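Hello,

Here is the structure I promised to pass on. My notes follow below it.

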Amino acid sequence: MQDVIRLLPEALANQIAAGEVVQRPASVVKELLENAVDAGSNDIKLIVKDAGKTLIQVIDNGKGMSETDARMSFERHATSKIASSEDLFAIHTFGFRGEALASIAAVAQVELKTRRAEDEMGVHICMEGGKLETQEPISTPEGTSVAVKNLFFNIPARRKFLKSNPVELKHIIDEFQRVALSNPEVSMVLYHDDNEMFSLRGGKMAKRIVSLFGKSYQEQLYPCQEDLEVMSIGGYVGSPDAAKKTRGDQFFFVNGRYIKHSYLNHAVMTAYEGLLPEGTFPFYLLNITVDPKDVDVNVHPTKTEVKFTDERTLYALVSAAVKQALAGYGVAPSIDFGV
Ligand code: ADP
Ligand code: MG
């Protein structure tokens, strides 16, 4: 008998990996926006057509890429963000796996334009189904534009199972809002089918919350701050009077990364005990800062679940911080909404 095991061709391996990283247009939005933030941009445009099924484009004014890096960025496990296993425990960027662009390019047509400040000419790369189609010099603004066209064009079964445009667009808006909330100092716009859906100027967190969720939040936010030596919590909690019947607007960020955490959510809810009308959910946005070595973000490719070394202390801290913030409940909070 002959041996039967072989290594998968790279394009096929990338397509399989893409199954985990790219579930829907919103996954592409998340990866591209995070790359733009990681590149140090303070102005990011997201352009979406047909709820991302036809086009998802992110244009940033970040540091751009050299010609070689631009080509390398589509290789799997190619990243500028970590170099050694020690770095895994000190992650200060959104990305680190070096998988996103390779995965996206495996299941779409991708057009990249990028230029660094020090280069006169930029580079223009077209990829299709994981393969390089063209690469040439281009005159382009400083920063990077990545356009992802016809997602899953080469996997008809995946494309067919995308949800309706309103559903896919909702997921895109969720990702946009999460990035906008964890980076209030970055100006961000979102166009869908040529309509401007959001136009956010960079500024303070409270202002960003109001520009995303509406003016009514201006009188409904209580600042929340609690610091220990090894961890701290900052952010805003909503007045119980403004609680909604849906769970939507609740956000935890850990070192800038959006996470879901039912245990910590419970900590918040205990602080609201007795204040909320039955079946309603308060707004909250809490930024948790911990030493990167005390949080493991490496548990899932889409990275919304994390493990903390000391969850009990964090639980107590969250609960105390929210209680403290709500101690002023009934008294209108004074918040600086300025830029
Ligand atoms: P990761 O973000 O995990 O490193 P990606 O596949 O998302 O992996 O990106 C690969 C590399 O391409 C990044 O590490 C970065 O060096 C570069 N890159 C991607 N997007 C941008 C961008 N918008 N601006 C500058 N460099 C980028
Ligand atoms: Mg990335």
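Of the contacts in the protein with a separation of 6 or more, 69% link residues 24 or more positions apart. Two residues are in contact if their C-beta atoms, placed from the backbone, lie within 7 Å.

This is a predicted model: local features need pLDDT of at least 70, side-chain atom pairs count only at pLDDT 80 or more, and totals for chains, interfaces and linings use all residues. Residues are numbered from 1 along each chain as its sequence is written, while chains are lettered from A and ligands numbered from 1 in the order in which they are written.

Overall build: the protein has 9 helices and 15 strands. These are DSSP runs numbered from the N terminus (helices H or I, at least four residues; strands E, at least two). The radius of gyration is 21 Å, close to the 20 Å from the globule rule for 339 residues, so the protein is as compact as a globular protein of that length. That radius is taken over C-alpha atoms; the rule is 2.2 Å times the number of residues to the power 0.38.

One sheet to look at: 5 strands form an open, mixed sheet in the order β9-β10-β13-β11-β12. Strands pair if DSSP finds at least two bridges between them. The edge strands, each pairing on one side only, are β9 (221-227) and β12 (257-259). Strand β11 (residues 250-254) runs antiparallel to β12, joined by 3 bridges. Phe253 stands opposite Tyr258 in β12. Helix α9 (residues 311-326) packs on the sheet and touches β9, β10 (231-238) and β13 (284-290).

Best wishes

Key: Axes fitted to C-alpha atoms, helices over the stretch in contact; angles between N-to-C directions.
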